[in-house]
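Q: Could you walk me through this structure, one feature at a time? I'd like the general idea and then the case at hand.

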Amino acid sequence: MKRASIGLAFVAALGLLSNLHAVGEALKKEKDGKWEAADGSPTYNIANDGTVDWYTFSGFRRYHSECHVCHGPDGEGSTYAPGLLEPLKTMTYPEFMLIVATGRQVVRADKQSVMPALGDNANVRCYMEDLYVYLKARVDGGLPRGRPAKRADKPAAADAHEKACFGDR
Amino acid sequence: MRRIALLSASLAAIAFAMPAMPNEDVLRQSAKPEQLVLQTGDYANQRFTRLDQINRDNVKNLKVAWTFSTGVLRGHEGAPLVIGDIMYVHTPFPNIVYALDLNEDGKILWKYEPKQDPSVIPVMCCDTVYRGLAYADGTLYHHQADTTLVALDAKTGKVKWSVVNGDPKKGETNTATVLPVKDKIIVGISGAEFGVRGHVTAYDAKTGKRLWRAYSTGPDSEILFDPEKTMSLGKPVGKDSSLRTWNGDQWTIGGGTTWGWFSYDSETNLVYYGTGNPSTWNPVQRAGPDGKPIDQKWTMAIIARDADTGMARWAYQMTPFDEWDYDGVNEMILADINVGGKPRKVLVHFDRNGLAYTLDRVTGELLVADKYDPKVNWTSGVVMDRNSPQYGRPQVVPQFSTFQTGQDKNTKGICPAALGTKDQQPAAFSPRTNLFYVPTNHVCMDYEPFRVSYTAGQPYVGATLSMFPTPDSHGGMGNFIAWDAATGKIVWSKPEKFSVWSGALATAGGVVFYGTLEGYLKAVDEKDGTELFKFKTPSGIIGNVMTYSHKGKQYVAVLSGVGGWAGIGLAAGLTNPTEGLGAVGGYAGLRDYTALGGTLTVFALP
């Protein structure tokens, strides 16, 4: 499957060798406070003093409003829904968006696990990138559990995006 | 209770002449301590049994008599019912009902499994729990997750009628039990985290026809409040008591859902219950037109309604303008105790907000309001001076006001957390000691509200929160306490590693039972909380302990099967931001102690 092979390539690029990881870090680009990986997918940034970029922080906030009630604190999972740290090791941003927007169902006699389609929900849709980069920061950026201690200020671009996405005048 | 026994004896003759009404049948059946016909034990919600074979001296000898696997993995709340020789066990979604033969160690007599659209699962905030069946007059009343209320023939499991109470597409779901009162079934609704407008509805017990519906918010004609006759704190509520306290039409998606317990007093003919939080969790978005806090009535309130008409006799709002998600849905326990040296007919309520209230249940007069966890810090207390304009209102400590700290800012160290000092897990009252036995949470939080938009059927939360064990305490996340509701004092408090998320049972044997999230069934001495017995069941306990008697022998039973809000919040363990990064993971995660799976465990003396 194409998805799987893209996923594998992604793993190879990001994770398995620490020097490659360092290369990945070096190839990251920043524009208006938003970080982008070499392959163009959104990514997090954690400065040496632990300051996270705005979008990672925003993802933390939105996660603990929209996702936490099923997936538990900090992406750790719960008795109700699986943890997200394992799957996010390999999940690409397009795959992530697809699942969040359209939902997912496993309904069998022994298991009824249903994730709703959240694509209509502005509180989620407008923060897809934020949620993704937050979880990636948890998975492979070493971001510890809990609220990030320090964050960058909210960029003007984030404000503008929010207003446009919520349909403000 | 003697009064109830007398009443049911005199009503037996009437019942002979005409079709028995559930009220009489419930009174008659719940007066028999061998049985359990309501989740709440009796109409008063006391959760006390007159059975005394198992007592302080011999409880240490309890052994497992038999067990039953429900075949369902989700969180198991509530308790099985016992009527005659049959036990009725319910499960979380898919809401199976089993009728088990007590004469044959729980052989399955019949099984009922409804077909429900699985799309209801993700709109149930915090697990697909279900707090169980109610029985009246040969009928089991089963309220499914998708809000279908089904009347089942208790002998055969055949459907007599069914009716749909809400729309899961709008986030309306059910987790609660129902209460048969007179010829009616009283039914609530869940979904405040989806902007559902809460209501209570009465259906005809024989046909399922809708008889009245009372919303928590909106115009007087829809909330069934009489501006002159409905009282609050000794005064008529006046015209538009709800509408006046909302900004614009926010009340239409304003929450105040009714997913807790109902109690009933046949003397006053009143049904008592609590309403949940206003939606959203972001108080800034709910401020009044002048930008100031506004009450959002009648969310977060205790409401007493006439069982026949649904009209509200009195109401009391505990947490006006909620800023912390302190739903007011916990049980209302009715008891007759001395307050200030005088016998009073009271209603006692342990609220999520950390305050325990004692009110006169006839008039709604506020008698006592005190913290039942000394670490509660968001309020300095409730004003009890009748002449004060603040009478009956909790005084908010500015440091812990998420509204005053503001949107996009983090308010730190609020106690209790949104879980509340207690959630739905019901307390018990023992007339032997006149004490209330209360399962509690001992958890605090940081809370940051922010802007959200409303979409029907989608979460409408608007705050991010981190929870942690109460700082500067015993390090655990729960306590099991004994409470004196006349004086507002904790009599004893037993620390627990995790929140106590299991309903308590008080007995005439002087023993109080409860379950723990690790999975222990515990028995403690009613006098001082000394632990007399514990047994580790197969999974964490969020069910309520019940007792029954069969062929002259007393049994104690409990559902285990971890889940619910407790399982979501505590599975991975909590972190304490105030102790810095080094402490992360230093607190016990529930997943290190227990895993999913529903089992009923039944205990007896050898």
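A: Helices (H or I, at least four residues) and strands (E, at least two) are DSSP runs, numbered from the N terminus. One caution: this is a predicted model, where local features need pLDDT of at least 70, side-chain atom pairs count only at pLDDT 80 or more, and totals for chains, interfaces and linings use all residues. Residues are numbered from 1 along each chain as its sequence is written, while chains are lettered from A and ligands numbered from 1 in the order in which they are written.

Q: Which residue stands opposite B:Met87 in E5(B)?
A: Strands of a sheet pair through backbone hydrogen bonds, either parallel or antiparallel. Here B:Met87 faces B:Leu100 of E5(B). The strands involved are E4 (residues 86-90) of chain B and E5(B), antiparallel over 5 bridges. On the E6(B) side, B:Leu100 has B:Ile108 as its bridge partner, and E5(B) is joined to strand E6 (residues 107-112) of chain B by 5 bridges, again antiparallel.

Q: What do the turns there look like?
A: E4(B) and E5(B) make a hairpin with 6 residues between them, and B:Asn95 in that turn has a positive phi of about 60°. The E5(B)-E6(B) hairpin has 5 residues between its strands, with B:Asp105 in the turn at a positive phi of about 50°.

Q: How many residues of E5(B) are buried?
A: A residue is buried if 20 or more other C-beta atoms lie within 10 Å of its own, exposed if 12 or fewer, and partly exposed in between, with C-beta atoms placed from the backbone. Strand E5 (residues 97-101) of chain B is mostly covered, with 4 of its 5 residues buried.

Q: And which strands stand at the edges in chain A's open sheet?
A: That sheet has 3 strands in the order E1-E2-E3, paired antiparallel. Strands E1 (29-31) and E3 (42-43) of chain A are the edges; each has a single partner strand, so one side of each is left without a neighbour in the sheet. Strand E2 (residues 34-36) of chain A pairs with E3(A) over 2 bridges, and A:Glu36 has A:Pro42 as its bridge partner in E3(A).

Q: Where does helix H3 of chain A bend?
A: The bend at a residue is the angle between axes fitted to the seven residues ending there and the seven starting there. Helix H3 (residues 54-71) of chain A bends by about 50° at A:Ser65. Just after H3(A) comes A:Gly72, with a positive phi of about 80°.

Q: How many residues of chain A are in contact with chain B?
A: Two residues are in contact if their C-beta atoms, placed from the backbone, lie within 7 Å. By that rule, 30 residues of chain A are in contact with 37 residues of chain B. H3(A) gives the most to chain A's side, with 6 residues.

Q: What about confidence?
A: pLDDT is the predictor's confidence in each residue, from 0 to 100. Chain B averages 92, and 94% of its residues score at least 70. Over residues 1-20 of chain B, though, pLDDT is below 50, and it stays under 50 over residues 578-586 of chain B. The model as a whole scores ipTM 0.80 and pTM 0.91.

Definitions and conventions
Pairing = 2+ DSSP bridges.
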